[in-house]
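Work through the exercises below with the sequence and the model open. Try each task before you read its solution.

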Amino acid sequence: HHAMAYDGARSVTILFGGDDDTNDGETWEWDGSGWELRATSGPSPRDRSAMAYDSASQRVVLFGGYDGSYDGETWEWDGSAWQLRAATGPSPRSGHAMAYDISHGRVVVFGGYDGGTDGQTWEWDGIDWALRSSSAPRPRSQHAMTYDRARGQVVLFGGRYSLLNYDDETWVWESDTWVRRAISGPSPRFATAMAYDRARERVVLFGGETSEDEFRNRETWEWDGSAWEMLSD
């Protein structure tokens, strides 16, 4: 339940937090050949936070998480230190998802859990948060989001909308509106992972939990902007 984002300016992957029996507050960087511990101060130790890289400000943005209570802080990592940027905006939550919308220059946050599943869409412009939508998709947590650079869209998949109910919907955030795109594809699941493959212009999805008894699958799927294709299971 840690958070990761790729810092394009410094060509490193940033990892923060997670749960290793107790919540963690370390910040690590991966440069392609090794890990380096960069900070032990900044955001409080927490899990189920979310991060995205803001290419305009060249900073990694972290929001929310659970540190014994739901958190609503916004932090930025500049490559050397964390800075608290906001303590107001989206309600404190965990299990939400974030992606940076390059076409609009905004970090997009959707959903999460704050005692109940949330269905709000917020955008961070580097200074302030703005509520952009609260109508669709339906409220959920532990879903996945990433930015499809080739098509200029934030892609959302899956999540859980109640204790025993999981989602298989695919949505895209375009022109400040959510649009449901796919009817078939990966089975309903939560706690999956997604990333954009820039070289091949595909969104890649792997794994996730598909039942309450923690059944974890190992499927790999790709999204080409119009349909899902399973590559391996």
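**Exercise 1.** In which loop does Ser11 lie?

*Solution.* Ser11 sits in the loop between β1 and β2 (12–16). Strands are DSSP runs of E with at least two residues, numbered from the N terminus. The model is predicted: local features need pLDDT of at least 70, side-chain atom pairs count only at pLDDT 80 or more, and totals for chains, interfaces and linings use all residues. Residues are numbered from 1 along each chain as its sequence is written, and side-chain values use heavy atoms, without hydrogens and water.

**Exercise 2.** Describe the backbone and exposure of Ser11.

*Solution.* Start with phi. It is near 55 degrees in Ser11, a positive value in a residue other than glycine. Most residues other than glycine have a negative phi. Ser11 has 43% relative accessibility, so it counts as partly exposed (buried is under 20% relative accessible area, exposed over 50%, partly exposed in between; 1.4 Å probe, protein chains only).

**Exercise 3.** Which residues does a cis peptide bond join?

*Solution.* The bond joins Ala136 and Pro137. Check omega: it is about -5 degrees. Most peptide bonds are trans. Now place Pro137: it lies in the loop between β12 (129–133) and β13.

Methods: Helix = DSSP H or I, 4+ residues; strand = E, 2+ residues; numbered from the N terminus.
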